[in-house]
Each structure stands twice: as structure tokens, then as C-alpha cells.
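Okay, thanks everyone, let me get the structure up on the screen. I'll talk through a few spots and then zoom out.

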Amino acid sequence: MKKTVLIININRSMNNLFNDFLNYKFPLPQYLGAKYKHLNWIKGFIPSDVNIVADAFAGSQSVAFFLKQLGFQVFTNDFMNYSNQIGKALIENKTEKLSEQDINILFSDNKNPKQFYIMEKLFTNMFFVREEARMLDSFRSNVELLSPIKKSLALAIMNRTLTKKITMGHFAHHQALVYAKDPARIKRNKSLIRPIKEMFLELVKQYNNAVFDNGKNNKSYQGDAIEFVKKLKNVDLLYLDPPYCGSHADYQGFYHLLETFVENWTEKDKTFVNGIKRYEPKLYSGFDTKKDIINSFDKLFKEAKKIPYWIISYNDRSFPNKEQMIELILKYKNVEVADKEYVNGVAGKGSVKGSKELLFICSPK
Ligand SMILES: C[S@@+](CC[C@H](N)C(=O)[O-])C[C@H]1O[C@@H](n2cnc3c(N)ncnc32)[C@H](O)[C@@H]1O
């Protein structure tokens, strides 16, 4: 087999893309592995003959949003529904914003406490005091009174509020309320003691300002990446940012609370296990364990063969390693590799100092 592997370290010249939308600001996420710091670097590798793009592991939607800003038609996907809600709110949404009236509805009493009670029941005295947890149940029940897109916008904003409110921005620890009383931590992060509603209202402005129409019909999906890619038609570029297998790949462990909140899962749907009350059974990923991942990549690449270009974000500490990934890709595409060294560890877990962010830039054979 003829191999084409070229290692490059510099950005290609930028594409001449129509970018009037770049004035919109993506509300800053706090999400493990989010790529918002690498957007311009990634942009340098987008071929000029691309019009329709897909992001199969969208997470915070930071890349999908950037692709929307660049004027592409965007299909975005993640297997977690909390991510899909951001996708509907900011990628699919063209015009709908939360009004004062919507906000009044969201913060009114719980009209259906028999159905919406799980935040208070599970998370009181773990992540929230009772009053806050109860307010979240009311909010969740009132979300149902909004239009589908506004519902997504409200959920996306509340979820972001909750990751701001909780120490470290995730829900895989038991220390939220302990840390919220620690003066040193409060000094570093005032959000720990701020009221949820106040923070939500601040974020409403940011999210409303990030709603725009790029003239394309963009769509957000929730589902397995392989199934998503299987259904795609006429897409020119596929962006892939799978979990960093080997370190912090379990998104359901970190963000279980957001998924439970969005889905309003109760004891009828799931059992809630261990100290953090993570739901069981978890959704199957296929990209988070060493035993599954090589097979999953091969299946994904096979389905993606019909898409001319792929850009894959990767980390040089992930499993499988760079050379194994090149082998896997070469079955279907030519590949070049670009890299960028982390100077500090702020870009998310797995992206620690000394590790390298990689891009596999794949093109037709
Ligand atoms: C590294 S993160 C993506 C970060 C994203 N590019 C951003 O900028 O925020 C990996 C994502 O893959 C998702 N994921 C894991 N297994 C998946 C699967 N089988 N199908 C689709 N998404 C999956 C996780 O929920 C997580 O959001």
C-alpha cells in the first residue's frame, strides 16, 4: 500500500471564506476537551472547496459554532443530549431569543411537581442547597412551556450556569458545597456563592447575542457518531474530535447531572449510583475505552469514506497513538499531521503541559 504521510508544523494560508459572522461571540464554555482555543489553527486546514460540514463529536459546540460563523452549512452531533441542546440553541437556531416574558415563565412555580422533582431529590446537599435544587425542578418543568428552540436555549443557558456554579465545572466530585464555603476558592471563583438566577440572567444576554442566521439550514442531532455519519449526504468536510481515550474520556461521569436535568430522568428511567448519583445504565460510546476504540474508529472511517475531507483533533497522549491512527486512516484517506504544543494545561483535561494537540488532515486518495 502506498503511504502518504507528511508531518507539517505550520498553518496553511487561510481560506478566503466569507466571514461577516465572526463578530458574534460564542459564550465561553467550560467543557473538557473543548477546542475554542484552537479554532483559527483548525481553520487554516479547511480546504477552499468546502461548503457543507459536519461535526460528529460536538461537545460544547465551539467548533460547530465557528464553522457556522465561517458561513458553512453545519450538521452537528453528540451522543449527549445536553450538547444537542446547545446545538439546537446556537447552531440550528436562526432568530429565537429568550424574552423577559420567557424568563418570567421559567422562574415561576413548578406546575408539575409530580413529574419534575429529581434535582431536589438527588442533588440536595450534594451540589445544591435544597432551595436551589427545588428552583431547578421548577425551571425544568417550565421549560416545557416554551417553543422547542427556546426550550433548548433555556436548557443550554441553565446548564452553563450550573457548570459555572460548581467547583471545577463538572459533577464528578462530592465537594461542591464544601468548596463553596472555602474562602480561598471563593476568592478565585465568585460564582461558587452567586445565586443561580443572577448568573443565568447574565448568560441570557451572551447567548441571545450569539443567535444568528448564516443563511444556511443548520441542524443539530443527538446520537452515536457512527450512526450520524452513516446518514450524512453531500457533506464536504467531516470534523472529528473524539474523547481522549486513556484520560478523562468518560463524559457521562463528568456531566451526568446535566444529562439527568435535560432528560428529566427519574427512578423510572435510571438508577442513580455512587456518591455523585450518576445515572445507570450509561449510554454506549465506543470511543472511551481501549478495548472498543480501534474497532470504533475503523467503523467510523469506513462510513466516512464518502466524505472527501476529514479533520481530526487528537492528542499525542491518547490511545491509539499517532502512528496507529495514521495506519487506521490510511486504509481510507491520505493523511497529513499538524501539531501544536501546549504551553499550559488550561485547554481541558488530557491537554496537559508538554502534550501536543494534533490534527490529522485527511483527503481523498
Ligand atoms: C473532546 S469532546 C468534543 C469537544 C468539542 N469539539 C468542543 O469543542 O467542545 C468529545 C465529545 O465526544 C462525545 N462522544 C463520546 N462518545 C460519542 C459517540 N459514540 N458518539 C458521539 N459523541 C460521542 C462526548 O459526549 C464529548 O462531548
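Predicted model: local features only at pLDDT ≥ 70, side-chain atom pairs only at ≥ 80, totals over all residues.

So, K205: it counts as partly exposed because 13 other C-beta atoms are within 10 Å. The cut-offs here are 20 or more other C-beta atoms within 10 Å for buried, 12 or fewer for exposed, and partly exposed in between, with C-beta atoms placed from the backbone. K205 sits in helix α10, residues 196-209.

Residue numbers start from 1 along each chain as its sequence is written.

Next, L39, which is in helix α1, residues 39-43. L39 is partly exposed as well, because it has 16 C-beta neighbours inside 10 Å. Ignoring neighbours within four places in sequence, L39 is in contact with V63 and F66; contact means C-beta atoms, placed from the backbone, within 7 Å. K88 is 49 residues from L39 in sequence, and the C-alpha atoms are 21 Å apart.

Now a helix pair. How do α3 and α12 cross? The axes of α3 (residues 81-92) and α12 (residues 251-263) come within 8 Å and cross at roughly 65°. Those axes are lines fitted to C-alpha atoms over the stretch in contact, with angles from 0 to 180 degrees between N-to-C directions. So α3 is roughly perpendicular to α12, a label that covers 65 to 115 degrees, with under 35 roughly parallel, over 145 roughly antiparallel and the rest oblique. From α3, N81, Y82 and Q85 meet Y255, L258, E259, V262 and E263 of α12.

Over to the ligand. There are 23 residues around the ligand, and G33, A34, G59, S60 and S285 come nearest; to be near, a residue needs its C-beta, placed from the backbone, within 6 Å.

Zooming out, the protein chain has 14 helices and 10 strands, taken as DSSP runs numbered from the N terminus: H or I of at least four residues for helices, E of at least two for strands. Of the 365 residues, 44% are buried. And of the contacts between residues at least 6 apart in sequence, 76% join residues at least 24 apart. The C-alpha trace spans about 65 × 40 × 40 Å along its principal axes.

Conventions:
Contact = placed C-beta atoms within 7 Å.
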